[in-house]
Amino acid sequence: MAVYLIAHVDIHDMDVFMTYQDKAKATIENAGGKMLVRNAVPEALEGAAGDRKVVIDEFPTAEIAGAWAKSPEYREVAKIREGKADIAAVMVQGV
């Protein structure tokens with residue numbers, strides 16, 4: 001069953017973050033996932049949405065998503081965004 005990684009991102013340097021995201025996309029695709037939403041500005045329909053950007057990635061299974069997040073390939077790419085963006089990410093199961 002598909003899982004979704006949802007990240008709320010506060011970007012401090014958009015150019016560096018875009019470089020990170022371009023490289024991360026390749027690691028996501030290599031793991032069998034796909035990027036669904038990239039740097040979207042949330043629009044509140046109910047309650048407060050906040051002003052952090054939203055990123056959503058889809059993976060076939062939680063095991064694949066977890067392996068991707070811990071993979072040396074992705075961990076190396078993640079270093080690019082260190083100090084350039086604050087990210088809070090969660091994984092949720094699809095229905």
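I looked up the burial of α1 and listed its buried residues as Phe-17, Tyr-20, Gln-21, Ala-24, Thr-27 and Ile-28. Viewed down the axis of α1, these buried residues fall within an arc of 125 degrees, so they line one face of the helix. I note that the model is predicted.

I then turned to the other side of the helix. The face of α1 turned away from the buried side carries Asp-15 and Asn-30, which are exposed.

I checked the length of α1. The helix has 17 residues and spans 24 Å from first to last C-alpha, close to the 24 Å expected at 1.5 Å a residue.

I examined both ends. At the start of α1, a side-chain oxygen of Asp-13 comes to within 3.2 Å of the backbone nitrogen of Asp-15. After α1 comes Gly-32, with a positive phi near 90 degrees.

I asked what the buried residues of α1 pack against, and found β1, β2, β3, α2, α3 (72-78) and β4.

I next traced the sheet. It is open, with four strands in the order β2-β3-β1-β4 and antiparallel pairing. β2 (34-40) and β4 (85-93) are the edge strands, each with a single partner, so one side of each has no neighbour in the sheet. From one strand to the next, the twist averages 15 degrees.

I inspected the pairing of β2 with β3 (residues 53-59): four bridges join these antiparallel strands. Ala-40 stands opposite Val-54 in β3.

Finally, I recorded the helix directions. α1 (residues 14-30) packs on the sheet and makes about 170 degrees with the direction of β2. Helix α2 (residues 62-70) lies across β1, β3 and β4, at about 35 degrees to β1.

Definitions and conventions: Residues numbered from 1 in each chain as written. Predicted model: local features only at pLDDT ≥ 70, side-chain atom pairs only at ≥ 80, totals over all residues. Heavy atoms only, no water. Pairing = 2+ DSSP bridges. Helix = DSSP H or I, 4+ residues; strand = E, 2+ residues; numbered from the N terminus. Axes fitted to C-alpha atoms, helices over the stretch in contact; angles between N-to-C directions. Contact = heavy atoms within 4.5 Å. Expected span 1.5 Å × (residues − 1). Buried < 20%, exposed > 50% of the residue type's maximum accessible area, 1.4 Å probe, protein only. Arc of directions from axis to C-beta. Polar contact = N/O pair within 3.5 Å; in protein donor to acceptor, adjacent residues only side chain to side chain.
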